[in-house]
Amino acid sequence: MTDLLLIRHGETRWNTEKRFQGTADSPLTEQGERQAWLLAERIASLEPEALYSSDLGRAASTAGIIGAACDLQATPDTRLRERNVGILTGLTFEVIRDDHAHIWKQYFDHDYIIPDGESLRSVVDRGESFLDYLTQAHPNGLVVAVSHGAIISALLRKLLHIPADAPRSFSLFNCALNRLEYKGGSWKLTLLGDVSHLEAETAVFDEVQ
């Protein structure tokens, strides 16, 4: 059985400003670093055998903290990158809604390619490619992967058979613990959005994706 802890990075400056980050970057806030350390302490007790991360800075920084606690070196993997939101990068939801309504209307269409960006189909395809790789590389191990809100959301929607354009009924908080198991030829979600390690003071922004 492949056991996967799928993690969204810690809080960033742009998270607090409610800006779409995409493949651009914003540093972790002090809160984000604290979230990562609290999560790392929890994960270390589970003794994972491998650690993977998106190559984007905010995920790599989060993975670096987890790696320090688990005595693991994070392996960067571009398949774990956030969705490239193209011309929406750095914009707030309000600006996107008001000034780019024609794009927002199609944002969750599976095949819609954001100008200068990518489609949800592309995001899901590379995410599934990574999951397929894990089943071969770690058929009987616990693995940690640090990624981003939109790709995690897209993968979970596919896994749970939720349409891409349906209102999201689950939260993807920074440094929450999501757990998936591959057994009997399919992935199953066994834990979603667990933030018990973060304490009440670590309220975080839940991205729209």
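Two strands are taken as paired when DSSP finds at least two bridges between them. In this predicted model, strand β5 (residues 177–183) and strand β6 (residues 186–194) pair in the antiparallel sense through six bridges. Together β5 and β6 form a hairpin, with two residues between the strands. G184 lies in that turn and has a positive phi of about 65°. Within the pairing, L177 has D194 of β6 as its bridge partner.

Strand β5 also pairs with β1: six bridges join the two, and they run antiparallel. Here D3 stands opposite E181 in β5.

The largest nonpolar core comprises 32 residues, of which L4, Y52, L88, Y107, I114, F130 and A145 touch the most other members. At least two residues of this core come from each of β1 (2–8), β2 (50–53), α5 (101–104), α6 (120–137), β4 (142–147) and α7 (149–160). The greatest contribution is that of α6, with six residues. Leaving aside residues up to four places away in sequence, F130 touches Y52, D77, R79, L80 and A145. Another core, of 19 residues, lies apart from the largest one and includes A59, L142, V146 and L198.

Helix α2 (residues 30–44) and helix α3 (residues 57–70) pack at an angle of about 35°, and their axes are 8 Å apart. The crossing of α2 past α3 is right-handed. On the α2 side, E33, A36, W37, L39, A40, I43 and A44 make the contact, meeting T62, I65, I66, A68, A69 and C70 in α3. By class, this contact has eleven nonpolar residues, one polar and one charged.

Technical notes. Residues numbered from 1 in each chain as written. Predicted model: local features only at pLDDT ≥ 70, side-chain atom pairs only at ≥ 80, totals over all residues. Heavy atoms only, no water. Core = buried A, V, L, I, M, F, W, Y, C linked by side-chain atoms within 4.5 Å. Buried < 20%, exposed > 50% of the residue type's maximum accessible area, 1.4 Å probe, protein only. Helix = DSSP H or I, 4+ residues; strand = E, 2+ residues; numbered from the N terminus. Contact = heavy atoms within 4.5 Å. Axes fitted to C-alpha atoms, helices over the stretch in contact; angles between N-to-C directions. Left-handed = near helix turned anticlockwise from the far one by under 90°. Nonpolar A, V, L, I, M, F, W, Y, C, P; charged D, E, K, R; others polar.
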